[in-house]
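Me: Hey, can you walk me through this protein? I'm new to reading structures.

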Amino acid sequence: MKKMIGFFFVLFIVIFLTPIYVFAVDFTIEETVIDAYLQENGNVQVTEFHTYEFDGEFNGITRTLIPKKGTSITEFKASENGQHLKTDWDEGTYKIFRGGEDEVVTIELSYVITDGVEVYEDMAQFYWPFFDSSNESDYENLTITVHPPQATSETIAYGFDEAYGTETIQKDGTVIFQLGYVNSGKKGDIRVAYDHAIFPNAKITGNEPIRNELLKEQKELAEKEAAFLKTQETLNQLAPYLTGIAGLLLFFFIFNSWRKSQTAKLEADRMYHSSSIVPKERMSMPATIYYFRNAMVEYGELLTAAMMDLVRKGHIEQRGKDSFYLKNTVTTHAHETLLLKLLFKKIGKEHVFSFDMLKSYTKKEENKQELQMDLHQYQKMLKQEMDTHQLIDKHRKQRWIAGMVSLLLIPVIILFGIYGLYGWLVVNLVILAALLLVTFLLQTRTTKGHFITQEWKRFKEEYGELQWNNWYSLSEDDKERAMIFSTGIKDKKLSNKNRSFVEKLQVTGEDSGLSSTYLLLFLMSTTATSSFSSATQASAQSTSSYSGSGSGVGGGGGGSGAF
């Protein structure tokens with residue numbers, strides 16, 4: 001449970017606190033004011049003021065302008081306080097060069113939209129996207145003002161998406177879109193129409209009337225907004241109940257699994273009694289080590305412990321200083337058979353294995369890849385042995401229910417996002433993440449699992465303080481398994497304890513009663529680890545463009561940035 005909670009905490013940090021974009025320049029666009037002056041000839045003279053606040057060094061700003069089909073952007077200029085600034089154009093993006101550090105600057109941009117006004121039989125419209133979903137910067141305060149060529153009382157104006165409901169029509173026909181804060185990646189087309197008579201020199205776009213179309217679209221937008229607000233209110237009222245149910249189910253899953261784990265742990269404590277400091281062999285030593293370390297054992301120590309265990313069981317016999325001979329191929333576990341095949345058939349020859357052979361084997365690239373495959377298979381077989389002992393309660397029923405709840409929660413979260421209920425969205429995203437962790441990761445130890453863990457945990461705590469006389473009275477098998485376990489879990493204190501016992505044996509000469517196997521295991525615990533680690537590490541080591549169009553009306557759009 002602690003492992004799962006820790007993993008969830010890390011996942012939460014990654015999902016919600018890691019920034020999606022990392023800009024080379026740190027800046028904020030504090031204010032943007034855009035004035036579009038419609039001309040009698042159908043062109044549009046645009047003036048923009050962008051106020052940037054920079055944190056650190058910068059070289060300038062950028063402005064992407066993607067014209068609608070049938071229009072073009074001409075006469076682009078940039079200045080600051082009346083001083084001309086150098087500009088450069090690259091596939092729709094203008095770079096304005098103005099370097100500095102830790103400053104607030106206001107850059108004026110001006111350009112002409114040729115044929116920006118579309119003239120029809122009854123009205124003329126300016127339908128334009130000053131920014132679109134490709135924009136990567138936030139506008140803290142955005143205002144767009146459309147000026148007719150002369151005063152007029154016949155005006156229709158409305159905006160889309162972020163610009164909807166932001167328009168104000170002045171007495172002279174000027175339309176102000178006060179958008180305020182606009183997040184990056186958002187769209188906000190504007191549509192303003194006047195009597196066509198005030199554009200006498202403009203090119204005719206179409207001979208059909210558009211007034212009714214504009215009024216119809218304006219009405220549909222209003223109806224759509226009303227329906228949106230109604231659904232949003234209904235969803236907002238349901239949100240506490242939906243979130244509460246999901247939260248309670250999550251709490252139940254976690255609490256119930258914790259309760260089962262605690263009950264199993266208490267039962268394991270009640271069952272525990274020991275006649276020896278070294279626990280009985282309930283699983284093979286490699287599987288025990290793998291389980292005790294929560295499947296996080298490094299291959300170097302794991303393979304060393306596994307080979308030491310095969311020596312202990314009499315499957316392997318040392319002949320010569322660094323050579324080992326395959327003595328018995330009849331094993332108890334599938335992973336033991338696999339390891340013997342790897343050591344004595346793939347790496348070794350004629351039932352003989354040495355660490356020099358291992359070094360030569362991993363020099364070939366194809367052998368490195370095959371070794372990795374064998375190691376993964378070996379790890380899989382260790383897990384299979386663990387599964388036969390039922391050490392882990394996988395809570396399959398709870399996980400299945402949690403998965404179903406997660407699936408039901410996904411459309412609810414999507415609806416929260418669509419209808420702008422971002423607070424509820426974030427809360428439910430956290431619940432969803434936790435439910436997914438429950439679905440895929442929830443498992444706790446059974447009574448037997450706790451019992452084996454506690455046995456070896458107590459061994460680890462007590463063996464480091466074990467006195468010579470008590471150690472010497474242990475059976476040969478207990479001494480050997482104690483050394484194998486100490487090597488496999490890579491515990492320096494326990495390894496030093498084993499070394500001190502061996503050194504005292506050699507000094508006192510009391511090793512005559514000990515089998516040569518124990519001393520052999522001690523020597524293997526260092527030499528084999530180094531060789532296996534080198535071999536497995538060697539094997540492990542072997543193993544957007546610019547589109548030219550925007551998402552705004554007519555394929556137009558744009559955005560802002562800095563460099």
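Here is a short chat about the sheet, the salt bridges and a charged patch.

Me: What kind of model is this?
Reply: It's a predicted model.

Me: OK, the sheet: in what order do the strands go?
Reply: The order is 5-4-8-2-1-11-14-13, an open sheet of eight strands with mixed pairing.

Me: And which strands stand at the edges?
Reply: Strand 5 (83-84) and strand 13 (167-169). Each has a single partner strand, so one side of each has no neighbour in the sheet.

Me: How many bridges join strand 11 to strand 14?
Reply: Six, and the two strands run antiparallel. Valine 146 sits opposite valine 175 of strand 14.

Me: Switching topic: how many salt bridges are there?
Reply: The count comes to 24. One of them pairs arginine 191 with glutamate 213, with the closest N and O atoms 3.4 Å apart. Arginine 191 is in strand 15 and glutamate 213 is in helix 2, 22 residues apart.

Me: Is arginine 191 buried or exposed?
Reply: Buried, because its relative accessible area is 5% and the cut-off for buried is under 20%. Glutamate 213 is partly exposed, at 45%.

Me: Which residues are linked in a network of salt bridges?
Reply: Glu281, Asp309, Arg312, Lys313, Glu336, Asp477, Asp478 and Arg481. Within that, lysine 313 and aspartate 309 meet at 3.8 Å, N to O. Aspartate 309 is buried at 0%, while lysine 313 is partly exposed at 28%.

Me: Last one: which residues gather in the patch of negative charge?
Reply: Asp26, Glu30, Glu53, Asp55, Glu57, Glu101, Asp102 and Glu140, on the surface. Strand 1 and strand 2 each give two or more residues to that patch.

Terms used: Residues are numbered from 1 along each chain as its sequence is written. This is a predicted model: local features need pLDDT of at least 70, side-chain atom pairs count only at pLDDT 80 or more; totals for chains, interfaces and linings use all residues. Side-chain values use heavy atoms; hydrogens and water are left out. Patches are made of residues with over 30% relative accessible area and no salt bridge: like charges are joined within 9 Å, nonpolar side chains (Val, Leu, Ile, Met, Phe, Trp, Tyr) within 5 Å. Accessible areas come from the Shrake-Rupley method with a 1.4 Å probe; for residues, only the protein chains shown count as cover. A salt bridge is a side-chain nitrogen of Lys or Arg within 4 Å of a carboxyl oxygen of Asp or Glu. Lys and Arg count as positive and Asp and Glu as negative; His and the chain ends are not counted. The place of a charge is taken as NZ of Lys, CZ of Arg, CG of Asp or CD of Glu. Helices (H or I, at least four residues) and strands (E, at least two) are DSSP runs, numbered from the N terminus. Two strands pair if DSSP finds at least two bridges between them. Buried means under 20% relative accessible area, exposed over 50%, partly exposed in between (1.4 Å probe, protein chains only).
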